[in-house]
Amino acid sequence: MASDTAGLKATAVSRSESAPDPAARGWSRRALEAQRLAGRLAAPLWLPPVVLLMRFVLRWRIRDAGRCRREYAKLLEEHRPLLVVANHLTMVDSAVIGWGLGSATSHVVRHRGLPWNVPLQRRVESSWLWRTLAYVMKCVPVPRGGDRQEVAHVLERLAHLLRSGETVLMFPESGRSRSGRVDPQVVADGVGRLIKEVEGCRVLCVYLRGDAQRTWSNLPARGDTFTIATRLVEPRTGLRGLRASRDLATQVVHHLVELERDCLEGRAAS
Amino acid sequence: MTEEKILEKVVEILKPYAKDPAALASVSLETNILSGLKVNSARLVDVVLAFEDAFGIEVADDDADKVETVGDAVRLIQGKLA
């Protein structure tokens, strides 16, 4: 086991070193390190109030959160890249998933367990307040519908974070699912590209749904109780180039479809 | 294959993805695929995969990232076929 881990680390370093110079591509590792440090220092200030807001003002509950957190904590102990991939129904999914994967205390103490997010650049840049919050809340904004090279730079940053032991949360359907169900026809290839780029990347598929959630919305209903179903996978492909990215992303989305089916069937049965 | 032939085929491939079919009538090498033809950015990968099938080429992620205009696509395909 120890030798396996050492092998993975060695591979990750060599891939990282062979990657294009980040400074030349419009971002720097130092800037990410600074953001990580700022996030860590600010976490005790914003994490507990956000969790208190969800728990006592919005009265949200997560079913079986203890099991979910124990499993996630075990995954973090392995020190291998971990990408969290989830379905997307509301604008606060990332906050609820973060809460489901760890308590405010655990995220403050082990800050790398709080996943990085990839919000829309347009939304983040709408005000200085959002920019500041996004900075300390571990966000790497992504442009939608824009230059693919800019998106590629965002993916490079995320790959660097994954290799350096951080977790990243992505929604492979790009936006919130308009049908309220995971749509395997709508697959953003970024997830697949990241899995392909990061050697030994594990993927934690997370299906999140509130009992009162019928379709997509801005916020879950007040007093809603969430089910979080998870599945750890390590997708592989024999394809190359763009087809490999598409294949890997599609595999992940199909896992989400299966988790959704199990979740909805379980709900119907009870 | 000549540049004209490749352009013709590229435009044919772009047709089902372009939300602005009128723009296809006046398409040139400078036409931006996303803003000019209103192709959904998420579908750009499907477009490049269609290029791969139609021309029997393989496109790397980095090469696909550089495709902004119809001319970029034509030059990429020309380079792969050469």
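Which residues of strand 4 of chain A point one way, and which the other way? A:Arg202, A:Leu204, A:Val206, A:Leu208 and A:Gly210 point one way, A:Val203, A:Cys205, A:Tyr207 and A:Arg209 point the other way, and all are buried. Buried here means under 20% relative accessible area, exposed over 50% and partly exposed in between, with a 1.4 Å probe and protein chains only.

The structure is a predicted model, in which local features need pLDDT of at least 70 and side-chain atom pairs count only at pLDDT 80 or more, while totals for chains, interfaces and linings use all residues. Residues are numbered from 1 along each chain as its sequence is written, chains are lettered from A and ligands numbered from 1 in the order in which they are written, and side-chain values use heavy atoms, leaving out hydrogens and water.

Helices (H or I, at least four residues) and strands (E, at least two) are DSSP runs numbered from the N terminus, and two strands pair if DSSP finds at least two bridges between them. Strands of a sheet pair through backbone hydrogen bonds, either parallel or antiparallel.

Both senses can be followed here. Strand 2 (residues 82-86) of chain A runs parallel to strand 3 of chain A, joined by 4 bridges, and A:Leu82 stands opposite A:Thr167 in strand 3. Strand 2 also pairs with strand 4 of chain A in the parallel sense, over 5 bridges, with A:Val84 opposite A:Leu204. Between strand 4 and strand 5 of chain A the direction is antiparallel, with 8 bridges; there A:Val203 stands opposite A:Val233. Strand 4 is mostly covered, as 9 of its 9 residues are buried.

Axes are lines fitted to C-alpha atoms, for helices over the stretch in contact, and angles run from 0 to 180 degrees between N-to-C directions; contact means heavy atoms within 4.5 Å. The buried residues of helix 3 of chain A are A:Ala65, A:Cys68, A:Tyr72, A:Leu75 and A:Leu76. Seen down the axis of helix 3 of chain A, these buried residues fall within an arc of 100°, so they line one face of the helix; the arc is that of the directions from the helix axis to the C-beta atoms. The face turned away from the buried side carries the exposed residues A:Arg70, A:Lys74 and A:Glu77. After helix 3 of chain A comes A:His79, whose phi is positive, near 55°.

Elsewhere in chain A, A:Asn117 is found in the loop between helix 5 (104-109) and helix 6 (121-124). At 14% relative accessibility, A:Asn117 counts as buried. Not counting residues up to four places away in sequence, A:Asn117 touches A:Ser94, A:Met137, A:Lys138, A:Cys139, A:Val140 and A:Leu169.

Turning to the interface, 18 residues of chain B are in contact with 15 residues of chain A.
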